[in-house]
Each structure stands twice: as C-alpha cells, then as structure tokens.
Amino acid sequence: MTTDVTTSSTSPPAEPPSEPTAPGASPARMSRREVLQALSGLMVGLFVSILASTIVGNALPRIIADLNGSQSVYTWIVTTELLAMTATVPLWGKMADLYSRKLLIQLSLGLFVAGSLIAGFTPNVEVLIVSRVVQGVGAGGMTALAMIVMAAMIPPRELGRYSGIFGAVFGVGTIAGPLIGGVLVDTSWLGWRWCFLLGVPFTLLSIFLLQRTLHLPVVRRQVKIDWLGALLITAGVSTLLIWSTLAGSKFAWASWQTGVLVAAGVVILALAVFVESRAAEPIIPLDIFRNRTVSLATVASILVGVAMFGGTVFLAQYFQVALGKSPTVAGLMSLPLIFGLLVSSTVAGQLITKHGRWKAYLVAGALIMTVGMLLLGTIGADTSVVLISVFMAVLGIGVGMLMQNLVLAAQNDVPANELGAATSVLTFFRSMGGAIGVSALGAVLANKVTSGLAEKLGTPAGGGSGTAAVPDLATLPEPVRHIIADVYGSATAELFLIGAPIAFLAVIAVLFIKEKPLSTLTGDERLAAETTAAH
C-alpha cells in the first residue's frame, strides 16, 4: 500500500513524485485513457465489495453447520458487515475531503483484504463475525470513495457516460454473488471458505491498478478529524440498525426492547448533531443540508434504498417459496430487474452527457419506480414468469434512472471541498433506507404470512409477532404446499402495494430539486478555482 500522498496529475510515461498542489493552482486533467485505466481499478474494488455482501447467501447454512453456530449467529454474519459498512461511510467521505483519496481508497481495500483472510481461515463463528466487521469497514470506504474519486477525475457534464459502468458493476456483483457462492460450496475441492478468499486476489489487483493509474493532486492543509462526532454517529446508527434487524424476529416491534434501543439511538444521534454543530471539521457538515438539492436528494436516496433492497430481497424469497424455484434459478430470475437497472442507468447517463439536462430523468425514474412497485403488487403464486419479469424490469428501469443521477445532481451543486461529504451522505442514507426499510417490510411480510397460515391451515399465529418459520416446500404434501405458496404470493404482493406510496414520495422529492447546469470542470479544477476566488 502506498504512503505517497502527493502524486502528480500529469501524464508522462514515467512520473516522478510531485509536490502537493498549491492552493489555487489549477491541476492538470487526466486524459480519457488515464481515466479509463483508473476506473478499471475502481470497478474491480467495487465489484469485490458488493460480492462480499451477497456471496455468503447460499453458503451460510453450510458455514453455520461446520462452525457449530446457532440461528442467531446466522443473522449476525449477514448484518455485521452491513452495520460496519453503513456506519463508517460518513467518516470515509469526510476524510476524503481532508486527506489523499488515493491513500484512503487503498487503505479501505487493504482492510477488506485483511477481513477476507481472517474470514477465510476462521476457526469459529466469533472470529468470523469480527472479520465481517473488518470487511464492512473496508467495503464502506470503497462504496463512499468510488464516486468521490470519479467526481475528482471527471466533470459532472461528462460523468453520466461513466455512471452506467458502475451501475453494471453493481448489478453483476449483486446477481453473481449467490450463484458464485452456491458453486463454491458445492465444489468439493473448494468449499465455503473460498467465498471469502476468492476476493483477495481481485482486491490486490485493484490496489495495484490504482497505484499505477490513479493520479490525483493533494491539497495540503491543516486538518482535524472530529473523532467524537464519528463515534457518536457510528454508535447511534448501529443502535438503530440493530433494532431494525432484530425487531419482529427476536422481539416484538411494540416491546420494551424496541423502546430502549430506539430511545438510545435517538439520544446518541441528538448528541452527535450537537457535537457536529460545534466541530471545526464535522464528519457530516450540517450546513450541507441547507442546500436544497442535497436535502431532497437525500430523501429520495432513502426511498430508492427501500425500493432497491426490498425488491431484490423479497422477490428472491417469493421465487423460492411461492413459485417453488431453487436458489440458483431464483437468482437467475432476478436478471430482468438487474438488466432494467443497467440499461436505464447507461442510457440515461449517455443522454445526460449529450444534452446536459438531468432533472427529467430523475422525475421519470421516480414515476417508473412507483409504477413498478404497483405492478408487482398484483403478483401471486400463479403469475406467469414472463409477466413477473416485465414488472421487475420496470422497477429496475426506475431505480437505474434515479440511483446514480441523484449523486450527480448533489455533486454538481455543492462546493468542491464538500464533494466527499455530499457523496457519502447520499450513500449513507441510501444504505440506511435499505437496511431499515427491508427490516420493517420484512416484519410486515412475516406478520402477513403468519396470519394467513393461521387462517387457512388453522395453525397458531404466534400472537401476530411474525415468527413463522420459512417452510421447506419439498417436505410438504401437495395441498399444504399450494396453500403456503398462495399465502406467500399474496403477502409479497401486499408488501409492494405498501411500498408504492413510499416510492411515490420520491417523485415529490425530485420534483422540487432545482435543475442547475452541469459543470464542465472536474472536482479538483473546481476546488482550485474556488480557492483562487476566495483569495
């Protein structure tokens, strides 16, 4: 890992280390070839980070059995990485505004390698959970820094043509993870440990590529990280995420445990706001929310998170339980959603780059996302696969038009020295919306299934707590299997009907975003110009 934080932004074949960029000096722009070379390293790192979150899905039963873990541990192996990734995104974003982005992105990849190696050689579930935390911190850095580095290299006017590439990486990583994990587990000479070890060589390749190709100037200035604010934000967010993960399964939503965890999370975050308002270098500058574009894009990002994560999580279960498909087939059936996301993000990005207009794509994306949710609210156990695929593609098209372009709108409307904070805020709240939204919608689904089975089969409803176990359809007689498939199909449809008005709120949010012409300067060029103007 490099320790050089003063790399040059010029492009001769052999580059001697340069002095830090002086305040107000205009940095030389990277050529298109250099940008594409650097993007290759970013894409490899981002792909591996996304893969880490999805590859363990099909492998977890075997992992838990081999390490003698319990059902509660099963949940924590998944959620600890999400907790660490979500909670540390703002810290990575703030440090990107203060320190070398090249050094930080290599540090995040290095942490990811360390976590992956520990997980791959873990002797027990306790060490595995710790390793997932380390992986999550590294993945949080990669998630936040990828878009920040892109904004530093590429002006907003041209950023659209590249955002589709990252949409493709996201989609492939999401859909390929469970398939790769299943193959590794079922291959006798590999096994589940390779679900973690597989990412190590690719992450090392990403570090090597970025060391060779990423040339960003660094402006040296006195810095002070608000560690107390970072600790309070991380603790508050983690408390709320733990509550949303456990509520509805370990304890009821309306219980004393809910009261304690929610109250603790709110109090800690209120303290964080107080500390941030007085910090010289706050982790999340509160002034950033005075920018209407950032505030509205943040609200829309939360809602996109609910639609995106809810769509993938609950549809996968619907395919397996309501339609009786295998995990591998269920993964393949998610392709229309991913394909819709890829096509729309790529096409919209190209059109934005060509014409310089972006608001229409945000509004259209929010509307199409809402329509997709409504269409999926009509599915059942007897809905044809073709029809479901069309509905999923519609949802994917809407999410694809919104996801990256919300970040683009915010990056274009903030001062260059707040690019990292603005980007990480949107990423942070999108992850938060996804995590809490999936937990809440999951609890609703569990309650619908429990009450539906009680009504049709006469089984105890568990007091409405939503504690019904997911059945193994292969072990059930045909009449019971048909009833369970019907209950899961109608419950999933109702879930999307609940999500549709939530998605429509994104339409209202983006309607009030004011369209601003896209800048033709990179982030570093804007910073140099703003510094000169200030002097």
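**Reading the helices**

Reply: Helices here are DSSP runs of H or I with at least four residues, strands are runs of E with at least two, and both are numbered from the N terminus. The model is predicted, so local features need pLDDT of at least 70 and side-chain atom pairs count only at pLDDT 80 or more, while totals for chains, interfaces and linings use all residues. Residues are numbered from 1 along each chain as its sequence is written, and side-chain values use heavy atoms, with hydrogens and water left out.

Me: Is Ser345 buried or exposed?
Reply: Buried means under 20% relative accessible area, exposed over 50%, and partly exposed in between, with a 1.4 Å probe and protein chains only. Ser345 has a relative accessible area of 3%, so Ser345 is buried.

Me: Which backbone oxygen does the side chain of Ser345 reach?
Reply: A polar contact is a pair of N or O atoms within 3.5 Å; within protein, one must be able to donate a hydrogen and the other to accept it, and residues adjacent in sequence count only if both atoms are side-chain atoms. The side chain of Ser345 reaches the backbone oxygen of Leu341, at 2.9 Å.

Me: How many residues does α13 have, and what span is expected?
Reply: The expected span is 1.5 Å times one less than the number of residues. α13 has 21 residues and reaches 30 Å from its first C-alpha to its last, close to the 30 Å expected. Its buried residues include Pro336, Leu337, Gly340, Leu341, Ser344 and Ala348. Gly356 follows α13, with a positive phi near 80°.

Me: What describes two packed helices?
Reply: Two packed helices are described by the angle between their axes and the distance between the axes. Axes are lines fitted to C-alpha atoms, for helices over the stretch in contact, and angles run from 0 to 180 degrees between N-to-C directions. Take α13 and helix α15 (residues 385-412): they pack at about 40°, with their axes 6 Å apart. Angles under 35 degrees count as roughly parallel, over 145 as roughly antiparallel, 65 to 115 as roughly perpendicular and the rest as oblique. α13 and α15 are therefore oblique to each other. Among the residues making the contact are Gly340, Ser344, Ser345 and Ala348 of α13 and Ala393, Gly396, Gly400 and Asn405 of α15. Contact means heavy atoms within 4.5 Å.

Me: In which hand does α13 pass α15?
Reply: A crossing is left-handed if the near helix is turned anticlockwise from the far one by less than a right angle, and right-handed if clockwise. α13 passes α15 in a right-handed crossing.

Me: What is Asn405 in contact with?
Reply: Asn405 is found in α15. Asn405 is buried, with a relative accessible area of 2%. Leaving aside neighbours within four places in sequence, Asn405 is in contact with Ala348, Ile352, Tyr361 and Leu362.

Me: At what angle do α1 and α8 pack?
Reply: The angle is about 155°, with the axes of α1 and α8 8 Å apart. That makes α1 roughly antiparallel to α8. The crossing of α1 past α8 is left-handed. Gly41, Leu42 and Gly45 are among the α1 residues in the contact, and Thr203, Ser206 and Leu210 are among those of α8.

Me: How do the axes of α1 and α4 cross, and at what angle?
Reply: They come within 11 Å and cross at roughly 35°. The contact is made by Leu42, Gly45, Val48, Ser49 and Ala52 of α1 and Ile105, Leu109 and Phe112 of α4. α1 passes α4 in a left-handed crossing.

Me: What are the totals for the protein?
Reply: The secondary structure comes to 18 helices and 0 strands. Buried residues make up 54% of the 535 residues.
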